[in-house]
Amino acid sequence: MSQEDITLTAGDAEVTLQPGNGGRVGGLRVGGVQLLRQGERFGCFPMVPWCGRIRDGRFRDGADVHQMPLNSPPHAIHGTARDGAWNIARTTTDEAVLTYDLVEPWPYPGRITQIAALTPDALTLTMSVETYDSSFPAQIGWHPWFNRTLDGGEPVRLDFTAAWQEERGDDHLPTGNRLDPKPGPWDDCFGMPDGVDVTLTWPGQLELKVASREEWVVVYDEQEAAVCVEPQTGPPNGLNTLPRLVTPLEPLEASTTWSWRRL
């Protein structure tokens with residue numbers, strides 16, 4: 001099928017998917033109000049087959065060292081799938097299935113499947129990485145840009161309780177030390193062993209929860225226009241420090257749910 005945008009609707013919620021622009025969620029409207037920052041690079045893009053930065057763009061798999069393009073010098077950032085066009089496998093009024101076949105510069109064949117399922121008060125995104133050939137390390141995550149303000153209202157508040165914060169080195173990568181969580185602003189990775197649970201509140205307007213069974217989340221709120229709450233299957237540089245192996249028998253799968261209510 002072609003890569004035209006897909007619109008999902010449920011109740012007064014409307015989601016736009018952009019298969020041709022990296023398989024991203026281009027927009028989420030609730031009652032006509034746009035929650036995601038608009039623009040080609042924004043919305044919410046899938047981070048796969050890795051999340052955040054890889055140190056110097058290099059990762060090791062057994063004896064092999066692989067070099068990824070340095071798209072955030074001196075590092076490689078946010079995977080390769082957001083740079084490609086995804087295929088539409090199936091779509092209904094409130095659900096769509098997109099696929100993406102891994103190609104160069106990623107050194108291993110594999111397929112990514114992303115399912116977007118909308119209800120009147122929640123959006124669930126599920127992603128899997130499968131291989132029919134050699135095993136390889138991978139990560140899955142999502143990078144939403146939530147608007148800091150909605151229709152000129154008060155700025156969003158972020159509420160979460162993390163077990164730890166990854167100490168961030170001068171190179172923006174975790175040092176391996178875990179700290180007690182510090183106040184923001186953040187461009188930091190937090191650990192939530194019971195699962196990601198972050199609440200965004202636009203006072204008097206909307207409350208939205210970002211949840212995932214995964215235990216890692218990057219919170220980025222250093223930009224004026226938007227805040228990012230990024231659930232992922234491991235920390236930045238995780239292909240090197242905490243790799244999750246995709247095998248022909250065992251795909252890597254993760255999901256995140258955004259649920260909201262009016263205030």
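Predicted model: local features only at pLDDT ≥ 70, side-chain atom pairs only at ≥ 80, totals over all residues.
**Entry 1: the cavity**

The largest cavity holds about 30 Å³ of space. I listed its lining as Leu17, Gly23, Val25, Leu98, Gln114, Ile115, Ala116 and Leu125. By class I noted six nonpolar residues, two polar and no charged. Strand E12 (residues 111–119) contributes the most to this lining, with three residues.

**Entry 2: the sheet around E12**

I then followed E12 into its sheet. The sheet is open and has eight strands, paired antiparallel in the order E10-E11-E12-E13-E26-E22-E21-E17. Strand E10 (87–91) and strand E17 (157–160) are at the edges with a single partner strand each, so one side of each has no neighbour in the sheet. I noted an average twist of 15 degrees from one strand to the next.

Between E12 and strand E13 (residues 122–130) I found nine bridges, with antiparallel pairing. Ile115, which I had already listed in the cavity lining, has Thr126 in E13 as its bridge partner.

Strand E1 (residues 6–10) and strand E2 (residues 13–18) run antiparallel and are joined by five bridges. The hairpin has two residues between the strands, and Gly11 there takes a positive phi near 55 degrees. On E1, I noted that Ile6, Leu8 and Ala10 make up a covered face, while Thr7 and Thr9 make up an uncovered one.

**Entry 3: the largest pocket**

I turned to open space next. The largest pocket has a volume of about 490 Å³. It is lined by 26 residues, and those closest to its centre are Arg53, Ile77, His78, His143 and Trp145. I noted the classes of the lining as nine nonpolar, seven polar and 10 charged residues.

Strands E18 (164–168), E20 (187–191), E23 (216–220) and E24 (226–232) each give at least two residues to this lining. E20 gives the most, with three.

**Entry 4: aromatic pairs**

I searched the whole structure and got 14 aromatic pairs. In one of them, Phe42 and Trp145 are edge-to-face, at 4.9 Å centre to centre with 85 degrees between the planes. Phe42 is in the loop between strand E4 (33–34) and strand E5 (44–47), and Trp145 is in the loop between strand E15 (141–144) and strand E16 (146–147), so I recorded a link between distant parts of the chain, 103 residues apart. Phe42 and Trp145 are both buried.

For Trp164 and Trp216, I noted ring centres 5.6 Å apart and planes at 80 degrees, so this pair is edge-to-face. Trp164 is in strand E18 and Trp216 in strand E23, so the pair ties together parts 52 residues apart in sequence. Trp164 has a relative accessible area of 9% and is buried. Trp216, at 5%, also counts as buried.

I also noted one aromatic cluster, formed by Trp50, Phe59, Trp106, Tyr108 and Phe136.

**Entry 5: strand E5**

I checked both faces of E5 and found them covered: Cys44 and Pro46 lie on one side, Phe45 and Met47 on the other, and all are buried. E5 runs antiparallel to E15, joined by four bridges. The bridge partner of Cys44 in E15 is Pro144.

**Entry 6: backbone details**

I looked up cis peptide bonds and noted two examples. One joins Val48 and Pro49, with omega about 5 degrees. Pro49 is in the loop between E5 and strand E6 (53–54). The bond from Gly184 to Pro185 is cis as well, with omega near 5 degrees. Pro185 is in the loop between strand E19 (174–179) and E20.

His78 has phi near 65 degrees and is in the loop between strand E9 (76–77) and E10. I recorded His78 as buried because its relative accessibility is 9%, and the cut-off is under 20%. Asn237 also has phi near 65 degrees, in the loop between E24 and helix H1 (238–241). With a relative accessible area of 7%, Asn237 is buried.

Conventions:
Residues numbered from 1 in each chain as written. Heavy atoms only, no water. 1 Å grid on protein atoms, 1.4 Å probe; cavity = no way out; pocket = protein on both sides within 12 Å on 5 of 7 lines; lining within 4 Å. Points joined across faces, edges and corners; volume = space filled by probe spheres on them. Nonpolar A, V, L, I, M, F, W, Y, C, P; charged D, E, K, R; others polar. Pairing = 2+ DSSP bridges. Axes fitted to C-alpha atoms, helices over the stretch in contact; angles between N-to-C directions. Phe/Tyr/Trp six-rings, centres within 6.5 Å; stacked < 30°, edge-to-face > 60°. Buried < 20%, exposed > 50% of the residue type's maximum accessible area, 1.4 Å probe, protein only.
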